[in-house]
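Hi,

Here's the structure I promised to pass on. Have a look at it first, then read my notes below.

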Amino acid sequence: QAAIALSMECGASQFSMNAIASRAKRRISAIQYYFPTRADLLGAIFADTSRRYSDEFQKLRERWPDEPTARFTAVIDFLFDDAVDPQRRAFFVHLWSIAASEGLESALSDIYAYYRKQVATLIAEVNPALSNRKAEQRAQLVNAAIEGALVVVFPGQHSKRYLADFKKLLLANALAVVNAPS
């Protein structure tokens with residue numbers, strides 16, 4: 001948790017084992033016992049991040065077991081809110097930087113591949129006429145829109161009304177993409 005908090009605040013330049021040990025109020029040897037390298041620690045952060053998303057997707061799936069459109073809408077709503085949350089935004093922006101500095105882009109890419117696969121599955125449930133390839137392409141497009149929101153929509157600079165309208169527009173466009181004929 002200390003490493004995640006530090007990554008949200010500092011980015012790659014200050015993400016060190018010493019800084020993490022200090023934040024966790026532990027000796028560096030205790031941190032290095034479990035995570036001998038920064039790459040090992042980042043791997044654990046990636047695994048934790050994937051688990052959290054997987055858990056949330058599962059909760060949403062259970063909430064709307066027989067309603068594919070409601071399930072898709074709930075997932076997009078969750079992902080948008082997550083993308084524009086200031087702490088989550090900082091976490092991911094810094095995580096990209098840290099992963100790049102450690103040569104771990106492929107591990108981060110795996111997280112996004114999982115996330116795209118989940119969205120593609122939801123898309124296929126909403127529009128069963130789509131081939132797997134088409135569902136995956138549309139998932140990529142929907143994910144790009146959500147990730148783009150992370151880059152261009154700033155909660156501190158936009159009103160709650162603006163964010164709500166933007167999310168509604170993003171969702172309407174996502175549903176149009178999902179429901180377009182193949």
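Predicted model: local features only at pLDDT ≥ 70, side-chain atom pairs only at ≥ 80, totals over all residues.

Let's start with Ser16: why does this residue count as partly exposed? Its relative accessibility is 28%, and partly exposed covers whatever falls between buried, under 20%, and exposed, over 50%. You'll find Ser16 in the loop between α1 (2-10) and α2.

Now zoom out. The protein chain has 9 helices and 0 strands. Its C-alpha atoms fill a box of roughly 55 × 35 × 30 Å along the principal axes. Of the 182 residues in the chain, 36% are buried. If you take contacts between residues at least 6 apart in sequence, 65% of them join residues at least 24 apart.

Then there's the inside. The largest nonpolar core has 48 residues, and Phe72 and Ile123 touch the most other members. Several helices supply at least two residues each, among them α2 (17-24), α4 (38-63) and α5 (68-84). The biggest giver is α7, with 9 residues. Which residues does Phe72 contact, leaving aside its neighbours within four places in sequence? They are Val119, Leu122, Ile123, Val126, Val142, Ala174, Leu175 and Val178.

Cheers

How values were computed: Residues numbered from 1 in each chain as written. Heavy atoms only, no water. Core = buried A, V, L, I, M, F, W, Y, C linked by side-chain atoms within 4.5 Å. Buried < 20%, exposed > 50% of the residue type's maximum accessible area, 1.4 Å probe, protein only. Helix = DSSP H or I, 4+ residues; strand = E, 2+ residues; numbered from the N terminus. Contact = heavy atoms within 4.5 Å.
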